[in-house]
Structures are given as C-alpha cells and as structure tokens.
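This briefing covers a helix pair, the disulfides and a few backbone features. The structure is shown first, and the notes follow.

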Amino acid sequence: MWSSSSLQQPLLLQLLVVQSLLVAVVLAQRSTTPAWNTLTGNRPLVVARGGFSGLFPDSTSLAYQFALSTSVSDVLLWCDVQLTKDGFGLCLADVKIDNDTDIANFYPNKSTTYSVNGVRSTGYFSVDYTSDQLTNVSVVQGIYSRTNLYDGLPMQTVDDIAAISKPQPGIWLNIQHDAFFSQHKLSMRSFVLAASKRVVISYISSPEVGFLRSITSRLPKVTKLVFRFMGQDVVEPSTNQTYGSLLKNLTFIKTFASGILVPKGYIWPVDSGLYLQPHTSLVSDAHKAGLEVFASDFANDNLISYNYSYDPLAEYLQFIDNGDFSVDGVLSDFPITPSEAVDCFAHLGTNATKKVNTLVISKYGASGDYPACTDLAYTKAISDGVDILDCPVQLSKDGVPFCLSSIDLIETTNAAQSTFSTLATTIPEIKSGNGIFTFSLTWDNIKSLTPSILNPYTNYSLKRNPKNRNAGEFVTLSDFLSLAKNQTSLSGVMIIVENAAYLAKKQGLGVIDSVMNALSKAGYDKPGPQKVMIRSTSSSVLLKFKEKTNYELVYEVDETISNADNAAIADIKSFASSVVINKDSVFPQDVLFLTGTTKTVSKLKSSNLSVFVETFSNEFLSQAWDFFSDATEEINSYVTGAEIDGVITDFPKTANRYRRNKCLNLGNKTPPYMAPAQPGALFQAIPPGAAPPAPAPVPPLTVSEVIEPPLPAVSKISPSPAPAGTKTGGQGNAQSRVTICAALLSFPVLLASLLLI
C-alpha cells in the first residue's frame, strides 16, 4: 500500500523545518536531577499524541518527525490504530476517519452508520475500505482552531511510524475500539501480535479489559500494557462495569497491565468554575498497587484551570513536581512543553538563580490575574518576581495622579454602568469613539468605581480569573511609590506618561509636574537602590523630564517597524536610553506564522539603546504558531533568539520562572525544546498552493515620526461643577492624603498574605 517513496513527496520542503530545529541529542537524564516521585524513580515519560498534533495534522510523518526533533530523547510516538477492510493498521485519531481525512472528497455521500460501544455513529469508517482504496486519501487537521495550512499529508501505517521512531525507544499503540473491529470480523489482537514481531512497541493501551487480557502473555517483555480509563460513568464493554468502579479495584488491573492511563481530571479535578480542587489519591494508590500512572488530555491550546493562568508549563509541573507525587508520564499534543517541564523546570526550587539578566517589567502589574493597576495586581506582580513595576499615570478632575491602564474609565471599570455614564463623550485627540475620561471625575468618584479585569480574548471564550474579575482597589501614584519603595526585590519603577499635551492645554492639568512631585515626596529624587524609568510615546514629554530630572527615559514606538533610520536613532538618543517596541517589530508575522526577523533590535542595540518588547501574555491566542501555544517558548525566542533586554508582561510569574530554568546558557548542548524558534522556517514549509500572498513590507522608523513640538504650558481653566455624588467638603488632594495613609497601612498585610499563598 504505502511504500517508503510516499514519504519523499513534496514533504521534503516541510522536513527542512525538522532539520533546522534538530539540535544535538540531550542525555536522557541530567546527573544533577534528584529522584522523582514516580513509580520507578525515573523521570516521567513524554508521549506525543499523534506526534506533534498541536501544529500538524494528527499522525502524519511530519507530526511524528517534528515531535522527535523538538522533544526529550526518549519521547514516545502515540498511534491510535484503525484497521482497514483488508487488515492494514493505520494511525488515525478516531474510528470515524472523515474528520481527520479528506475521504469525503473521494467517496462523496458514502457515509455509513454503525454502533460503536453501543452508540450509533454516522461517518466514514476504515473498515469499509481496503488499503488500496485509501491510497490517495490524505490527512487533514481535525481540530478546526488549529492551522489547516499543512493539510494533505499521506496516511501512515504502524510500520511507517516504527521506521520514523528509530533509533528511539519505540512507539505507543492505542487500541481504542477492539470490540468494534471484532464486529466487522477484523482481529486487532492478531494485528498487534504480528506487529510486535516486526517492530519495537514500548506500550500498548486500551480501554477494553478483554483485549488487554487476551494479549498479556503473548507479547515481548519490552512491551508494557496500560489500561485506559474513560469517563467514570462510562461502561467498560467486556466487564459491564463503569470505569469509576474499576478504579476501585486496582489490584485487578495489575493482573493484566503494568500501568493505567487516566484523564488528568482523575488526578487534579476542577470545579464547575474551572478552578482546581485538592488532588485525589489516585497516583499514590496506583503506585502502591505497582501500577504506573499516565495522564492524558494535555494540549496547550485547550481551556485549562484558571489556577494555571493560561500557562501550560505550570500545568505540567503541577502533575510531575508538586512535592507529593509525580505521574509516570503525560500524553500531549504539544510534546515540546512537557519536555521542557521535565528537563528544564522541574525541581528548580524557590531559590533558583537567574541564568539570564533580561528584565521582567510588569504590564499594569500582574494584570493577567487581577484587574489592571489595582493593589492586588501590583502585590501579585511583586510576589511573582517582577523587576520593574509599572504605573500608567492618569489624573483625576481634582488633580490626583493615580495608576490606571487607560485614560478611558470604560475600559477597566464599571463606569459605563454607573451614575457617571452621562459623562461619556468623544475626544478625537485621545481616542475614537466614546469614553468616560479620568479627568471628568474626582478621585473620590473614581475610588467608588469597581475595577474590571482586562479580557483581551473574551471573544474566544478565554476569560481571565473570573473569581477575581472585580477584585482589588485603585491606587494613587503616592500609594504605588510607597509600596514599591519598601520592596527590596524590585530594581525600579516605570512611570508611564501619555496625553500630557492635551491635559495641559485642554484640561489645565500638569501631569509631568504631578509625577515629579510624587516621586520627590517618595524620595525617588535622591540616589537609591531602585531606579526610576519614565516611559512615553511622546518625545516632548521625555525631553521635559530630561530638563528637570536624571531619571532613565524610555521611548515607546507605538507602531510596527522593520528598522530605524540613523537620524531617528540619533534623535531618540538625545532624550532616551531605552526603547519599547512591539513583538511584530522583532519578528513580523503573517497568518500567525513568523515570516522572518527585522533589523530593529540589532540596529537599536548597536546604538547602545536597551530594547524592551511588549506584550507577552500567557494566552495561546497571543502567540504565533512558531511558539507552539507555549508562553515560555515565545519568551525564550525573544530573549535568546533576538537578545532583547526586557520583556513587558501581564503574567510576570511566567517570565521570571523562565530566567531560572536549567536549560539556559548551555551553548551547543542546549536541548531542542529550549532552542529559539527560527523565524520563517514554518512559514516557508507551507505548501505553495496553501501559502498566503506575501504581506506588504513594513516601513522603518523615521525621524519625522519621533520629533514633536514642545509641550504647551498648563492652561488656567476655571473648574467645572463636580459630577453628581462628589464630596465637596474640601480640596481633592487633601482628601486623597487621608486615603493614601489608610491604603498604605493595608499594603504590607496584603503583600504578606499573597506571598504566603
């Protein structure tokens, strides 16, 4: 049916991706790694479900090759076996093959209906076709949220996968529906026993007790049998017991299997709100019975518990390095992430030293976990190990400077649903569309509002920490500075100033003077262990600060650029020592694939300008395909690949942990799962017919975009009536001083409580 020549079709171009990422093989176990809490004491296994099926079509040669080249050296290749009418064993994700192949194009309107484990199912089944009839049928991406640009790869047989795996330890065959194939007079038992004589099979799993018991004494000693548990209320076909009942009789399972494979929820259940519950005793119970435990359902682009803050690496570590137990292996669509978890991040300890000096700069505090710029977001960022704590300064109507991510209160508060909704207006100089602006409300008004967590991907049902979506309190700039001043772990603060010209000219508010006064009162105008960074997209703002202070000035480029003219760089250097750019200005992308590397970072750094990049988020939708839905992979590519000086992130914990992993600074011994992405490699591997048109070139930064007129003087504007509900007994600043004192008393207690969590 499928000969070796079928692997040499136009796949050669795609296999270049594998070659470009293939790094020197890493030892299976680092000598410094302590004993694991697995059954054997060995490190957990990484099992690649269908290869690297998180990116490529499941169970294709490219998916398997890519898994081998980016994972730990002992990675196992998982194959869901489906039998054809003439007994060939294909690796396809499901017994219904129409979702993962283009068979309907070759046999339109030929679907059939069968009973599968007592459930009537309609579709295309391999049992209806001979191997010859399926020769031209191709595999496609069966999960529609993943890229389909690699569709059209040929099917693979078990023997094909065994050939690909060499000289790796072998493969893992999953026999999901033995009873179904038996109904169609096909013997999965005969197929598996015959295959075990031709190829090395490390593991065979099945959810059917009868099948495993029928082969347990007939296999080579190198092959282990694993009983796969389905949902606890599902009935196992050969015993008529539910899987929940069988879980209570592990000694029975041990009579025919050496391990069990369970959905991860069996071990770490979650409640209806997707928050973790205490772990069960399953792993320890199974280990006592002499059974290995493998956990399934891991995918970086799935919804996971909010406790993990959308960080898939954190989830793997919860299962393999929690201090109580470790599973013996994980089944993943993205084997690169458990590989880095096992080899680079497990057993780090709380005092692991930093291996790189890249700064971690917060984006509105830990705004991925709490409402932006609230006391909770800031204290969480500190406990997560941030270096530079940021405060975007806004001014209230009565001139109180405070921290908030946007001058428009609608974006981060309930202002639109409050009594202040009538203050909505349009100010084209600030933004398009309506807004309720901070300078329209007094500080007391603003304190009365409820914070709202930022949800940049809510349209895709990715919500941030729903339990705490309205938690926390807004803080004045003085509150912020007092909190930061007392933290020895912080190396500095970043004060962000925008809209200064409009506030001075149209509202009579001097944000620059307000910032300098607050910094002076907090003692930041004198030399100390913490530095002050002033950041702005306005060169005139930074020039004004340069005239009056010695703070470190940071220029933000608020557009995507591919380079910077010499004149633009010279002008920036006249008022700033650092630059903030966006991620696309480093690695441009098209259809969510990196297309190459710009000259931006190298040009700026060659002029002695530090380069900070934003925004690094944990959500997989924020990352190009090249980063495999893994925030750590993305950070690594910018830090070790582009050599940036700082990451600006709303999840500081992820970036701080990255800097301490054991796989950094290893030179040519760097493992493939900690090698930076090669921008353009995956994009160029897209077949010509599927590739999108070339994107328009991105222009460089020019001097005309940097130079601005001087800031206007602060206008003298008569105060307008206070909004309804405003306290009128005294000046706003006097009232805010009382608030500041009360808030400061609570900050140390709050921080201490978070550090203990």
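The crossing of helices α11 and α12 is right-handed. This is a predicted model. In it, a search of the whole structure finds three disulfides.

**Helix pair**

- The axes of α11 (residues 312-320) and α12 (residues 336-345) cross at roughly 60° and come within 9 Å.
- That angle makes α11 oblique to α12.
- On the α11 side the contact is made by Pro312, Leu313, Tyr316, Leu317 and Ile320. On the α12 side Thr337, Pro338, Glu340, Ala341, Val342 and Phe345 take part.
- By class, the contact of α11 with α12 has nine nonpolar residues, one polar and one charged.

**Disulfides**

- Cys79 is joined to Cys91 by a disulfide, S to S 2.0 Å. The torsion about the S-S bond of this pair is about -100°, so the disulfide is left-handed. Cys79 is in strand β2 (residues 76-83) and Cys91 in strand β3 (residues 89-91), twelve residues apart. Both Cys79 and Cys91 are buried.
- Cys344 and Cys663 form a disulfide with sulfur atoms 2.0 Å apart. Its S-S torsion is about -90°, so this disulfide is left-handed. Cys344 lies in helix α12 and Cys663 in the loop between α22 (652-658) and α23 (681-684), so the pair ties together parts that are 319 residues apart in sequence. Cys344 is buried at 0% relative accessibility, and Cys663 is buried at 1%.
- Cys391 and Cys403 also form a disulfide, their sulfur atoms 2.0 Å apart. With -105° about the S-S bond, this link is left-handed. Cys391 lies in strand β15 (residues 388-395) and Cys403 in strand β16 (residues 401-403), so the pair ties together parts twelve residues apart in sequence. Cys391 counts as buried at 0% relative accessibility, and Cys403 is buried with a relative accessible area of 0%.
- Counting bonded cysteines along the chain, the disulfides follow the pattern 1-2, 3-6, 4-5.
- Cys373 is in no disulfide; the nearest cysteine sulfur, that of Cys403, is 6.0 Å away. Cys373 counts as buried, at 0% relative accessibility.

**Backbone features**

- Most residues other than glycine have a negative phi, and most peptide bonds are trans.
- The peptide bond from Glu614 to Thr615 is cis, with omega near -10°. Thr615 is found in strand β25 (residues 610-616).
- Lys185, not a glycine, has a positive phi of about 60°. Lys185 is in the loop between α5 (178-183) and α6 (188-198) and counts as exposed at 77% relative accessibility.
- Asp297 has a positive phi near 75°. Asp297 is in strand β12 (residues 292-298) and is partly exposed, with a relative accessible area of 43%.

Technical notes
Residues are numbered from 1 along each chain as its sequence is written. This is a predicted model: local features need pLDDT of at least 70, side-chain atom pairs count only at pLDDT 80 or more; totals for chains, interfaces and linings use all residues. Side-chain values use heavy atoms; hydrogens and water are left out. Helices (H or I, at least four residues) and strands (E, at least two) are DSSP runs, numbered from the N terminus. Buried means under 20% relative accessible area, exposed over 50%, partly exposed in between (1.4 Å probe, protein chains only). Axes are lines fitted to C-alpha atoms, for helices over the stretch in contact, and angles run from 0 to 180 degrees between N-to-C directions. Angles under 35 degrees count as roughly parallel, over 145 as roughly antiparallel, 65 to 115 as roughly perpendicular and the rest as oblique. A crossing is left-handed if the near helix is turned anticlockwise from the far one by less than a right angle, and right-handed if clockwise. Contact means heavy atoms within 4.5 Å. Ala, Val, Leu, Ile, Met, Phe, Trp, Tyr, Cys and Pro count as nonpolar, Asp, Glu, Lys and Arg as charged, and the others, Gly among them, as polar. A disulfide is a pair of cysteine sulfur atoms within 2.5 Å.
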